[in-house]
Amino acid sequence: METIDRALFVPDGTPAYVDSPIAIGYNATISAPHMHATCLQLLEENLKSGMHVLDVGSGTGYLTACFALMVGPQGRAVGVEHIPELAGSSIKNIKKSAAAPLLKEGSLSIHVGDGRQGWPEFAPYDAIHVGAAAPEIPQPLLDQLKPGGRMVIPVGNIFQDLKVIDKNEDGSISVRSETSVRYVPLTSRDAQLRGY
């Protein structure tokens, strides 16, 4: 987080380093720095050099860039964002950041798509981060999680918990709640643009 400057990823004129979420348009937000730090910490063991990470609802690209730095040029960091304008601006943001070489070399990529379906092309993933709250854990994301992998996802509607999901080597799943959170909903593009 020290290497990737948050100021490059927030809208002009907004206080980049205040510890609160910031609206980025399209009924989306960039999470507060403490939430980014929490998610990076929870996924740290699954973000080693050479590992694969999926960022669902990649938004500004900030956390995807952090993930890319952690897995390095031998790894793969994949962001999926269903608002094409956000995906486009996130690529511009990343090009200004310390993660630019990883984008250029191809170990970091941003894709337009429905993140609830994951991104099978680079699966299985050691780490999956979901940046919006799902009513339940999407099965395609569980399927794309590698045995030994970990997913961090906010789950719930009005009351949400940040869930930590570990896929055991035998393919079984263990789930625990880390903390209560408040995220925008993980939804369709149309519902998001309508304001859910």
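Reader: Which strands and helices each supply at least two residues of the lining of the largest pocket?

Author: A pocket here is an open set of points on a 1 Å grid over the protein atoms alone, where a 1.4 Å probe fits, with protein on both sides within 12 Å along at least five of seven lines, and lining residues have an atom within 4 Å of a point. In this predicted model, β2 (28-30), α1, β3 (52-56), α2 and β4 (76-81) each supply at least two lining residues of the largest pocket; helices (H or I, at least four residues) and strands (E, at least two) are DSSP runs, numbered from the N terminus. Because the model is predicted, local features need pLDDT of at least 70 and side-chain atom pairs count only at pLDDT 80 or more, whereas totals for chains, interfaces and linings use all residues. Residues are numbered from 1 along each chain as its sequence is written, and side-chain values use heavy atoms, with hydrogens and water left out.

Reader: How much space lies in the largest pocket, and which residues are the closest to its centre?

Author: A volume is the space filled by probe spheres set on the points, which are joined across faces, edges and corners. The largest pocket holds about 520 Å³, and of its 37 lining residues, Thr29, Ser31, Gly131, Tyr183 and Val184 are the closest to the centre.

Reader: How should I read the packing of α1 and α2?

Author: Two packed helices are described by the angle between their axes and the distance between the axes. Here α1 (residues 33-43) and α2 (residues 62-71) pack at about 30 degrees, with axes 11 Å apart; the axes are lines fitted to C-alpha atoms over the stretch in contact, and angles run from 0 to 180 degrees between N-to-C directions. The two helices are therefore roughly parallel, a label for angles under 35 degrees. His36, Leu40 and Leu43 of α1 meet Tyr62, Leu63, Cys66, Phe67 and Met70 of α2, where contact means heavy atoms within 4.5 Å.

Reader: Where do tyrosine 26 and proline 124 lie, and what sets their backbone apart?

Author: Most residues other than glycine have a negative phi, and most peptide bonds are trans. Tyrosine 26, in the loop between β1 (22-25) and β2, has a positive phi of about 60 degrees although it is not a glycine. The peptide bond from alanine 123 to proline 124 is cis, with omega near 0 degrees, and proline 124 is found in the loop between β5 (108-112) and β6 (125-130).

Note on methods:
Parallel < 35°, antiparallel > 145°, perpendicular 65-115°, else oblique.
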